[in-house]
Amino acid sequence: MSETSEDLEAPLVPEWPPHLPQCCPPDDAQATSGELWYFVFNTPPIADDFLSAKQRDVFPNHPPCERAGLSCYRTKNEMMVFAAATAYLKKKFGAAHAASAILTQEHGALKATPHPGNAGHHTLWLRAAALAAAPALFR
């Protein structure tokens with residue numbers, strides 16, 4: 001197949017967002033599949049709802065790859081139990097809303113990353129195109 005001048009001029013879209021460290025997503029992450037739950041601050045969600053801890057410059061002591069991903073949960077119940085039990089989240093996420101999306105392997109990668117008192121925590125790494133579409137994916 002020969003390349004046309006149009007093909008040569010088309011910008012290449014990176015597979016993963018540029019803020020991810022080279023080690024992300026990690027080799028032991030699984031392809032996304034099924035429903036995931038995530039905290040958003042706007043209804044409907046906007047792009048700023050999908051900034052990572054790295055991009056927001058928070059949680060500096062967390063592993064770099066986790067900081068570059070998004071915190072999410074497999075079930076709404078896991079997310080709400082954690083939020084209800086955590087004074088920090090009650091203060092920080094008082095105005096947050098639960099949003100969910102049905103994701104497939106094309107959207108990205110997921111890894112269980114439990115924290116003390118937060119057994120249901122997962123880290124989600126969305127591919128660049130899925131991250132750009134995240135406000136439409138999560139409702």
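1. A search through the whole structure, which is a predicted model, turns up one cavity of 30 Å³ or more. The largest cavity holds about 60 Å³ of space. It is lined by 13 residues, and those closest to its centre are His 19, Ala 68, Leu 70, Leu 126 and Leu 131. If you want to know which element gives the most to that lining, look at E6, with three residues.

2. Now the overall layout. The chain has six helices and six strands. Reading from the N terminus, the order is α-β-β-α-α-β-α-α-β-β-β-α. The chain has 139 residues, and 41% of them count as buried. Take the contacts between residues at least 6 apart in sequence: 71% of these join residues at least 24 apart.

3. On to the cores. The largest nonpolar core has 16 residues, and the members that touch the most others are Tyr 38, Phe 50, Leu 70, Leu 103, Leu 124, Leu 126 and Phe 138. Two or more residues of this core come from each of strand E2 (34-40), strand E3 (70-73), strand E4 (97-103), E6 and helix H6 (128-137). There is also a second, separate core of eight residues, with Ala 29, Cys 65, Ala 68 and Trp 125 among them. As background, nonpolar side chains in soluble globular proteins tend to be buried together.

4. Phe 50 is worth a click. Leaving aside residues up to four places away in sequence, Phe 50 touches Tyr 38, Val 40, Pro 45, Gln 55, Leu 70, Leu 131, Ala 134, Pro 135 and Phe 138. Leu 70 also turns up among the residues closest to the centre of the largest cavity, and so does Leu 131.

5. Next, the cysteines. How many disulfides does the structure hold? There is one, formed by Cys 24 and Cys 65, with the sulfur atoms 1.9 Å apart. Cys 24 sits in the loop between helix H1 (5-9) and strand E1 (30-31), while Cys 65 is in helix H3 (residues 64-68), so the bond ties together parts that are 41 residues apart in sequence. Both partners are buried: Cys 24 has a relative accessible area of 8%, and Cys 65 comes in at 10%. Cys 65 is also one of the members of the second core.

6. Cys 23 is partly exposed, at 49% relative accessibility. Cys 72, on the other hand, is buried, with a relative accessible area of 0%.

7. Last, have a look at His 121. This residue belongs to strand E6 (residues 121-126). Is His 121 buried or exposed? It counts as buried, at 4% relative accessibility, because the cut-off for buried is under 20% relative accessible area. The His 121 side chain makes a polar contact with the side chain of Ser 71, at 2.7 Å. Not counting residues up to four places away in sequence, His 121 touches Ser 71, Cys 72, Tyr 73, Ala 112, Thr 113, Pro 114 and His 115.

Terms used: Residues numbered from 1 in each chain as written. Predicted model: local features only at pLDDT ≥ 70, side-chain atom pairs only at ≥ 80, totals over all residues. Heavy atoms only, no water. Helix = DSSP H or I, 4+ residues; strand = E, 2+ residues; numbered from the N terminus. Buried < 20%, exposed > 50% of the residue type's maximum accessible area, 1.4 Å probe, protein only. Polar contact = N/O pair within 3.5 Å; in protein donor to acceptor, adjacent residues only side chain to side chain. Contact = heavy atoms within 4.5 Å. Disulfide = S-S within 2.5 Å. Core = buried A, V, L, I, M, F, W, Y, C linked by side-chain atoms within 4.5 Å. 1 Å grid on protein atoms, 1.4 Å probe; cavity = no way out; pocket = protein on both sides within 12 Å on 5 of 7 lines; lining within 4 Å. Points joined across faces, edges and corners; volume = space filled by probe spheres on them.
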